[in-house]
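Dear colleague,

I am handing over the structure below, and my notes on what was found in it follow directly after. Please read them with the structure open beside you.

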Amino acid sequence: VNEHPAPELFAAYALHALDQDEMREAEKAISAHLPDCEECRGTLEGFLAVVGEIALAAPPREPPRLLWSRIHREVTPRPRQPVRLWALTTAAAVVVAGLSLYGLHLQNRVGRAEDRQARTTEVLSAVSDPQHQLVTLSPTQERPGAAIHLAATFVPGRSGLYLFGSMPPPHPHRVYQVWLMQGSRYSSGGTFEPERTHVLVRIEVDPGPYDSLLITEEPQEGSTTPSEHRVVSASL
Amino acid sequence: VVHDRQEDQRDAELHARILGGDPRAFEELYRRYASAAYGLAYRVTSHELLAQEVAHDAFLVLWRTPEAFDPARSPFRTFFLSLVHHRAVDTVRREERLRRRSSRMNLGPSEGEDVTEAVVEEAWLAHRRARVRTALEGLPPDQRKVLELAYFRGYKQWQIAEELNIPLGTVKTRTLAAMRKLQRVLTERDE
């Protein structure tokens with residue numbers, strides 16, 4: 001058995017109170033020494049147990065109900081959504097490899113108030129992240145002056161892109177469709193309709209590979225390629 | 001003590017079911033620990049949204065990698081709340097501006113603040129909580145201060161030395177003394 005590390009190191013390690021260099025030193029000492037030293041193993045495990053107990057000194061606090069709503073949604077397998085999530089036809093679809101889109105989870109179709117709250121919290125959480133990106137979507141030349149105020153936000157490296165703001169309903173029997181563009185290639189993010197004029201939409205995608213976002217108006221069943229009815233766009 | 005062990009056993013059973021992918025077991029563990037986890041995360045971050053993120057991420061880690069917990073090594077409670085604590089500390093360290101904000105708040109764990117009345121918490125956990133608080137209150141003030149800065153504010157030891165204007169070696173000594181005393185007191189009460 002090599003020399004025992006100082007017990008102060010174990011105490012600070014258990015408390016997560018070391019800086020990176022010290023942490024590396026501690027982990028090195030622990031991995032080299034502890035397997036052969038029952039005494040030091042016992043010391044560290046005892047301190048880790050104490051640290052777990054100190055947690056209880058913090059006053060308990062009832063979490064918002066939407067916290068469970070968010071967690072529950074992620075631990076429950078998502079049912080396939082036949083509505084609006086059209087099958088990609090092999091003839092026409094141009095799909096960016098590796099893209100995994102669940103389609104849009106629409107505020108007005110999710111229906112439950114808690115889910116709406118949860119999504120709102122997710123947006124707030126995203127924009128409170130120091131790394132977040134926020135882009136404004138501008139009306140295209142086809143829709144100059146339209147009363148559209150939409151923004152998109154995401155945190156680089158993290159899955160999920162949120163669209164929020166307001167826009168008028170699409171024309172009768174039409175829906176809005178989101179497209180993620182990478183050069184001349186595109187991939188659909190799904191279709192949506194505003195609730196009255198409000199939009200709060202999550203797209204399960206890592207925006208990293210894409211350079212722009214486009215929203216078009218399409219037939220109710222959605223399209224496999226973007227039509228000329230372009231509504232708003234933004235560079236990511 | 002017997003009651004504590006029964007509850008630890010219950011946690012272990014629920015964890016075993018989570019290993020098998022049982023969402024109901026996960027929901028029950030959430031109910032048992034959500035207020036403790038969220039309370040701890042809030043205490044460290046002083047920020048509701050960040051606390052939600054910390055609790056959210058910790059529970060998802062539990063669901064996605066339940067094998068990270070080894071029931072042979074510790075009770076589930078200490079494992080899970082340590083997980084929450086580590087994530088909360090990492091979060092607050094990223095948010096220096098939050099540190100400045102929290103430094104204006106009294107983060108002592110037990111002085112003049114107790115919101116447990118507003119929280120529906122299982123009796124055994126509340127009982128355990130009271131014992132931990134009593135143990136902390138039994139520490140000499142200088143040791144308790146060092147421990148609180150490390151645990152509830154996420155300070156590293158050199159930062160504690162700067163904050164209290166004491167040598168780093170003194171921080172290490174006080175930390176070790178505090179940890180040993182807490183271990184002794186909590187172990188004695190468990191026996």
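Between chain A and chain B there are six salt bridges, a salt bridge being a side-chain nitrogen of Lys or Arg within 4 Å of a carboxyl oxygen of Asp or Glu. One of these pairs Arg64(B) with Glu74(A), at 3.2 Å from N to O. Please bear in mind that this is a predicted model, in which local features need pLDDT of at least 70 and side-chain atom pairs count only at pLDDT 80 or more, while totals for chains, interfaces and linings use all residues. Residues are numbered from 1 along each chain as its sequence is written, chains are lettered from A and ligands numbered from 1 in the order in which they are written, and side-chain values use heavy atoms, with hydrogens and water left out.

The contact (heavy atoms within 4.5 Å) draws 42 residues from chain A and 61 residues from chain B. Together the two chains bury about 5000 Å², of which 66% lies on carbon and sulfur atoms; buried area here is the accessible area (1.4 Å probe) that two parts lose on being put together, summed over both.

Within chain B, Asp4(B) sits in helix H1, residues 2–19, where helices are DSSP runs (H or I, at least four residues) numbered from the N terminus. Asp4(B) is buried, with a relative accessible area of 6%, buried meaning under 20% relative accessible area (1.4 Å probe, protein chains only). Leaving aside residues up to four places away in sequence, Asp4(B) touches Trp124(B), Arg128(B) and Arg131(B). Asp4(B) and Trp124(B) are 120 residues apart in sequence, yet 6.7 Å apart in space, C-alpha to C-alpha.

Conventions
Helix = DSSP H or I, 4+ residues; strand = E, 2+ residues; numbered from the N terminus. Buried < 20%, exposed > 50% of the residue type's maximum accessible area, 1.4 Å probe, protein only.
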